[in-house]
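Hi everyone, thanks for coming. Let me put a structure up on the screen, and then I'll walk you through a couple of things in it.

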Amino acid sequence: MELIVKSMPAEVQAQALAWKREGLTVGLVPTMGYLHEGHASLIRRAASECDRVIVSVFVNPTQFGPNEDLESYPRDLEHDLKLARECGAHLVFTPTPETMYLPGASTWVTVEGLTRELCGKSRPIHFRGVATVVCKLINIAQPDRAYFGEKDAQQLAVIRRMTADLNMPVQIVGCPIVREADGLAKSSRNTYLNEKERQAALVLSRSLERGREMLEKGETDVQKVLDAISGTIAAEPMARIDYVQAVDADSIEPVKTLAGTVLFAIAVYIGKTRLIDNFYWKV
Ligand code: AMP
């Protein structure tokens, strides 16, 4: 099947509805493009579980703060189309801000509580933009399943909450973090790093590995684990901590003790580039 590329929401919605009428299942993989192996793993998973796969490529302006990297965010549509096709996508949706947000648009989806901690602190409008655009993408693509990476664990929790709260008939599928061979979590933003910064960025995965080892050896004091993670990061001169936190994986409320699934999550500036990483610890 030829890869379909469309930029108008109504066209994508018509195509999705036509597939659904034929009895085909639809999977959606929302992305901001500049696709890498992390995105590829989501698209492949969707292709293995759904009859038709829609990948959206949209650098969504409403989830960027005024001093963030909206303008400089890397873009390469030709590469994205090739990778999406190779991974089994059937349609790539490439809207523009103008086609996604009509003049006079005034509706927002706000997920409260879960957006207070972690990235919500330093990126106050981020999750409102994410929830709104993902809600729109789901309404457009009409998917049976939508695929998100655990790399953005808070985003995954927010989307699960939103779809449950709003009775959206879609199954949210979380997919494991894909890493470089040396441990750095794959991210489109890794391209901002120069050689020295790229080396320094290894402190994210290394510090989390240290925390995980402590837990594996039986440490139950959450604060001790957080201190070890922070200490490892602090020893890297090019790194500046935004947050190092342990939260409940579903509610994103800070936890002091291990219970249920705890998300150990960090955000660290390496030079000007803000990177995130995490792991889940199930008790
Ligand atoms: P982005 O294009 O960065 O907005 O990411 C689009 C989707 O890909 C999100 O659901 C991310 O969580 C997911 N993703 C990004 N990087 C990775 C990775 N290294 N491993 C797994 N999923 C990822």
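This is a predicted model: local features need pLDDT of at least 70, side-chain atom pairs count only at pLDDT 80 or more; totals for chains, interfaces and linings use all residues.

The domain assignment gives us domain 1, residues 4–175, and domain 2, residues 188–278. Their centres, taken over C-alpha atoms, are 26 Å apart. In the contact, 24 residues come from domain 1 and 19 residues from domain 2.

How much area is buried between domain 1 and domain 2? It's about 1700 Å², with carbon and sulfur atoms giving 52% of that. On the domain 1 side, look for Glu117, Leu118 and Lys151: they supply 32% of the area this domain buries against domain 2, more than any other three residues.

Between the domains we count 12 residue pairs in polar contact, both at pLDDT 80 or more, and 2 salt bridges. As for elements, helix H5 (119–122) and helix H7 (153–165) are the ones that give two or more residues to the side of domain 1 that touches domain 2.

While we're on salt bridges, Asp69 forms one with Arg189, and the closest N and O atoms are 2.8 Å apart.

Okay, now Asp80, which sits in helix H3, residues 77–86. Asp80 is buried, and yet it has no salt bridge. Where's the nearest side chain of opposite charge? That's Arg75, 8.9 Å away. What Asp80 does have is a polar side-chain atom 2.9 Å from the backbone nitrogen of Tyr34. Leaving aside residues up to four places away in sequence, Asp80 touches Gly33, Tyr34, Leu35 and Val57.

Note on methods:
Residues are numbered from 1 along each chain as its sequence is written. Side-chain values use heavy atoms; hydrogens and water are left out. Helices (H or I, at least four residues) and strands (E, at least two) are DSSP runs, numbered from the N terminus. Buried means under 20% relative accessible area, exposed over 50%, partly exposed in between (1.4 Å probe, protein chains only). Lys and Arg count as positive and Asp and Glu as negative; His and the chain ends are not counted. A salt bridge is a side-chain nitrogen of Lys or Arg within 4 Å of a carboxyl oxygen of Asp or Glu. A polar contact is a pair of N or O atoms within 3.5 Å; within protein, one must be able to donate a hydrogen and the other to accept it, and residues adjacent in sequence count only if both atoms are side-chain atoms. Contact means heavy atoms within 4.5 Å. Domain bounds come from an automatic or database domain assignment. Buried area is the accessible area (1.4 Å probe) that two parts lose on being put together, summed over both.
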